[in-house]
Amino acid sequence: YLLFSNVFIFTLRSNFRMFQRKKHIGLQENGYSLKKLKVLKLYLMSRDLRKQELAVNYILLNLKHPNVSNFSQDLFFRNDIPGLLCHTFNNNNIKLLRKVFQSLLIMSKSKTFYKEGYGMVVLEASIRVLKLLVKDAVYSDVIKVGLKVLSQILNRLMIDSNAAVLKIFAIVYKIIFTTLLQRLHIKAVFILRYIMKQLFLIKQCHFHLLMILKKVLKLLGNITSSSKVDVTTSILSDIMCIAFRLCYKIRNSENQYKGEAKLIALVEEVDILFLNNTKTILIPSLLKLDFKRCNLEDVVKVLKCLHTVVHKLPTEKSNDIAQMMHLAGYLKILSRFKVYFRNDKLTKNSNKLQSEIMSQLCMTCFKSGKFQENRHFKICIDKGIQALPADISLWPQSFIDSKSKYAHFTTIFYIYFIILSCKSSDITQPYEANICHFIITTKNPLPHPILKALWLIYTVTALSASSKKYSTKTPVYQASKVLFEMLSNVKNLGTVYPHHPAIMYWLFSSHHMNRKMQYSVIKLWFSDSSKESYNTMYRLVLKSQLAAYRLFEVLSSCSSTVGEQIVKLLEQVLRDKASNGTGLVIQIWHNLPNILSCSSFSLKSVININYILYLASQCVPVKINYAVLLRLTVQVSKLIVRMSGKEEGYKTLLHLLSKIGYKLTVLALNSGDLTAIKTFIDNEELIRVLIKESLVKHPMTNSSLQLLGTLIQCQQHYKMKVKTAVKVENDILLQLLSNHRCEEAISSLSIVSVMYNYNNQIKPIIHLTDDLEEEFIKTLYHQIQMLCFKFHNQKSNQILNTCWKN
């Protein structure tokens, strides 16, 4: 035996050198090869490191060059060579371990390796060795080869033992959190991908699993390119899928994880990393995909991961991701995948992702009727996508070709989302005939979400239609008639109202539109108090005078929120010189008599009347119908008397009525007919109310003073006689001159001036009951002198001149 072994060593050395030079071994006899194999096994079982190195070197050379080798891999497997290689791990020699791992890596690529049951044997031995090696970063080269062996075996073998999984996880955890082993992190991530499904089922390691996931997601996020789908993106997709399920399980099982605050906080941190990696890597990766060079399996993994993201995340976050994917054009991209690859697996995952995106968008846009949950939309859209062609550009044709209602509904949702994400309205012009045909032929009532989407699609179609005139014979007109009937049957129009500028432009594109519908839509439009909505309506009013008229008409029956915005908008239109506000001014003043006569003047209706009167007070027409002027004069004088002495809620109304009365006197003077002014002057009750309101210290007092002063001046200037004059005490003069602002002081001084400088022939409508005594005149003089000093710094020449004159 010793003689034979010495000969074998000599032969092994010479063959090794010859093999290096000529790449072949000279011994060909089978009997001798078997003898060598027996000695090879003895060398592997020997404790002599030198013999083990020779045997491992010989095995490795045969494995690397199988074409010129004396031994096949099957011969190695039948003679338990992989098991004997694992026996050499006990020496812990680094050079030997590297070559052993290299030999096992080549063997693990064979199917026979797993059929003979060497998978678990090598796996357990490799785990035992790697557990020791990871303690020292010096052995990183050997660890790298060992990790490749683990990865290869785990890719082919399913582990049932939780103990083995936990041991592998401990090795991976140590590598990931060791800075000196940074070059091995990706290899460790490869292994983590294979054991995550088993770790998901072991509750005890969930916290550490999330810790390592947080680290891995940061690592992959830094090294993964968003411009292509590669191996790293595939790994990221696999890990994120399992991680999502784990976070979803923890998030929705609060009773199982009660008291574990750190774990729940960690879930939130991982969720943030999910979102960042999804937005910056996964979503952009498919946008620039090269169809000819990409790996189909990697694409499928990314699609699965994106579906998991949209499906498993909380509602608000998943809605944001779905919206982002829609705006990026994912619905069309997924359609291109199906048409180009024609792969059943990819088509199935593309359909799932399309359905999830659309159902999430539906949940954001629609919530009414039967479609109150995500599953209702998902069922409808799933069936619709299956009934529709793979090419999404052919979907609009389904209105005519397909008989499936789900195909119709899915197509309507798709076009609706395209319109919302597109600024141009020309997108639906090719669909005009199909949309009109669907509306006209629809017999059964439509669900509210479908009706809402259909309304917007039709309006954009009608605006972009070639036939701008709504002839009774055109499909557009017939479809609009049917659509109005559908909308009129809806109890709450807000459930089917789409907040889009196209709705407003369409409603005011013709005088034949339903007026009640216009009123309802205006109120719904201003319920959104955003600046964008306000600017859109302002641009519409500048283009359409009909819209301005309808806005004014809505003021009599709208809420305070809507009313304030309409008043602000119409006031801006009236101030804008570029707009055609003359017609609106005439419309306001000509409608005032009807509005004032029809109102009940309850506290609710007073708010709406105030809006109308305020607008009227801000604009005075150049000319006004004489009948309207007289009618308004009588109404305003009666209402001022009627509203006097009422509660605080009517003070604004009284102030605005006095303002309108002043505007009426100005209109009467411009027209040259003093009948309206005579009507005011002859109303004794009106004069008493104006005096009473002038004495009240209130910010709105000026309107009563202004109207009263104007009436007194007009009476004296035009020498109008009155039936009965109103008598007031002398102290009222002093009260009129006390604590007034600039405008109020002018009106008060003009009243005082007329009251004690009146013409004996024409007595004023107000006169004093007592004679002017010396003490009273002195007090009056001092009061006027104080007004001079008070308004001297304000440089009000009109007040100063009136004071010095008095």
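Reader: Is Q198 buried or exposed, and what is its relative accessible area?

Author: Please bear in mind that this is a predicted model. Buried means under 20% relative accessible area. Q198 has a relative accessible area of 9%, so Q198 is buried. This residue lies in helix α11, residues 185-200. Leaving aside residues up to four places away in sequence, Q198 touches M158, I159 and V165.

Reader: How is a pair of aromatic rings described?

Author: A pair of aromatic rings is described by the distance of the centres and the angle of the planes. In this model the count comes to 23 aromatic pairs. One of them joins F366 and F377: the ring centres are 6.3 Å apart and the planes stand at 35 degrees, so this pair is tilted.

Reader: Which parts of the chain does the pair of F366 and F377 tie together?

Author: F366 is in the loop between α18 (344-365) and α19 (374-387), whereas F377 is in helix α19; the pair therefore ties together parts that are eleven residues apart in sequence. F366 is buried, with a relative accessible area of 1%. F377 is buried as well, at 0%.

Reader: What are the distance and the angle for the pair of F366 and Y416?

Author: The rings of F366 and Y416 are 5.2 Å apart, centre to centre, with 40 degrees between their planes, and this aromatic pair is tilted. Y416 lies in helix α21 (residues 405-420) and F366 in the loop between α18 and α19, so the pair ties together parts that are 50 residues apart in sequence. Both F366 and Y416 are buried.

Reader: Which residues form one aromatic cluster with F366?

Author: The cluster consists of F366, F377, F413, Y416 and F417.

Reader: Let us turn to helix packing. At roughly what angle do the axes of α14 and α15 cross?

Author: The axes of helix α14 (residues 261-287) and helix α15 (residues 296-312) cross at roughly 135 degrees and come within 10 Å. An angle over 145 degrees would count as roughly antiparallel, and 65 to 115 as roughly perpendicular. α14 and α15 are therefore oblique to each other. The crossing in which α14 passes α15 is left-handed.

Reader: Which residues meet where α14 contacts α15?

Author: From α14 come T278, L282, I283, S285 and L286, and these meet V299, V302, L303, C305, L306 and V309 in α15. By class, the contact of α14 with α15 has nine nonpolar residues, two polar residues and no charged residues.

How values were computed
Residues are numbered from 1 along each chain as its sequence is written. This is a predicted model: local features need pLDDT of at least 70, side-chain atom pairs count only at pLDDT 80 or more; totals for chains, interfaces and linings use all residues. Side-chain values use heavy atoms; hydrogens and water are left out. Axes are lines fitted to C-alpha atoms, for helices over the stretch in contact, and angles run from 0 to 180 degrees between N-to-C directions. Helices (H or I, at least four residues) and strands (E, at least two) are DSSP runs, numbered from the N terminus. Angles under 35 degrees count as roughly parallel, over 145 as roughly antiparallel, 65 to 115 as roughly perpendicular and the rest as oblique. A crossing is left-handed if the near helix is turned anticlockwise from the far one by less than a right angle, and right-handed if clockwise. Contact means heavy atoms within 4.5 Å. Ala, Val, Leu, Ile, Met, Phe, Trp, Tyr, Cys and Pro count as nonpolar, Asp, Glu, Lys and Arg as charged, and the others, Gly among them, as polar. Rings of Phe, Tyr and Trp (its six-membered ring) pair if their centres lie within 6.5 Å; planes under 30 degrees apart count as stacked, over 60 as edge-to-face and the rest as tilted. Buried means under 20% relative accessible area, exposed over 50%, partly exposed in between (1.4 Å probe, protein chains only).
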